[in-house]
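Trainee: Before we discuss any labels, please show me the model. I would like to check each term against its cut-off.
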Amino acid sequence: MQEPVAASTIDGVGSRLRLVRQIYGLTQRELARRAGVTNGAISLIEQNRVSPSISSLKKLLDGIPMSIADFFTLDLTPTQQVFFRAAELPEIAIGPEISLRLVGRKANGRAMQILREVYQPGADTGEAMLRHNGEEGGVVVRGRILLTVGHQEQELGPGDAYYFESQLPHRFRNAGDDICEIISANSPPSF
């Protein structure tokens, strides 16, 4: 596995081509096959030993596919945090019985919300049913959860999942003796 190229090292067409090729998951051989050139030619360009003509570069980029304008203007560095350590996930629940850890809290324009939910034995989201816009889904990682959605109720265990429209009244309850952990997502974000 090749190391990722840092943005500061993208100082030539070759370095940019290598990074774009890697981002698109293409080997030099695959790009060469798609573009109808030799992989040796791609290697020389990526090493910045040969500077391709505009027509040669267009031919290579057609194999990705990508326009020349996109090639030169594409920001190849993430503008936001991409990876999150467990300690970086903020706690957004109140009380010790339920832990809700939010992924990507500072992401601009978040269109979805991802949570790591942990319910202690006996934990309950409350007698009043939850309701909000959007849809949500999740997978039980460990333990068991009793999920009520509208008039339906089901106990779910490890590997079981759910997906429903969040406008329907819903409630989560750990009626078991073990901790329950769920990885969930909802869109749009409600927290």
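Mentor: In β4, Ile145 stands opposite Leu156 in β5. The model is predicted, so local features need pLDDT of at least 70 and side-chain atom pairs pLDDT 80 or more, while totals for chains, interfaces and linings use all residues. Residues are numbered from 1 along each chain as its sequence is written, and side-chain values use heavy atoms, without hydrogens or water.

Trainee: What makes β4 and β5 paired strands?
Mentor: Strands are DSSP runs of E with at least two residues, helices runs of H or I with at least four, both numbered from the N terminus. Two strands pair if DSSP finds at least two bridges between them. Five bridges join β4 (residues 145–149) to β5, so the pair qualifies; the two run antiparallel.

Trainee: Why are β5 and β7 called edge strands?
Mentor: The open sheet has the order β5-β4-β7. β5 (152–156) and β7 (170–173) each pair on one side only.

Trainee: How do you know that Glu181 and Arg116 form a salt bridge?
Mentor: The term requires a side-chain nitrogen of Lys or Arg within 4 Å of a carboxyl oxygen of Asp or Glu. Here the closest N and O atoms are 2.8 Å apart, so the pair meets the definition. Glu181 is in strand β8 (residues 180–187) and Arg116 in strand β2 (residues 113–119), 65 residues apart.

Trainee: Why is Glu181 called buried, and what is Arg116 called?
Mentor: Buried means under 20% relative accessible area, exposed over 50%, and partly exposed in between, with a 1.4 Å probe and protein chains only. Glu181 has 11%, so the residue is buried. Arg116 has 32% and is therefore partly exposed.

Trainee: What makes Arg173 and Asp124 a salt bridge?
Mentor: Their closest N and O atoms are 3.8 Å apart, so the pair passes. Arg173 lies in β7 and Asp124 in the loop between β2 and β3 (135–142), so the pair ties together parts 49 residues apart in sequence. Arg173 is partly exposed at 26%, and Asp124 is partly exposed at 26%.

Trainee: Which residues make up the network of salt bridges?
Mentor: Asp124, Glu127, Arg171 and Arg173 are linked in it. The whole structure has eleven salt bridges.
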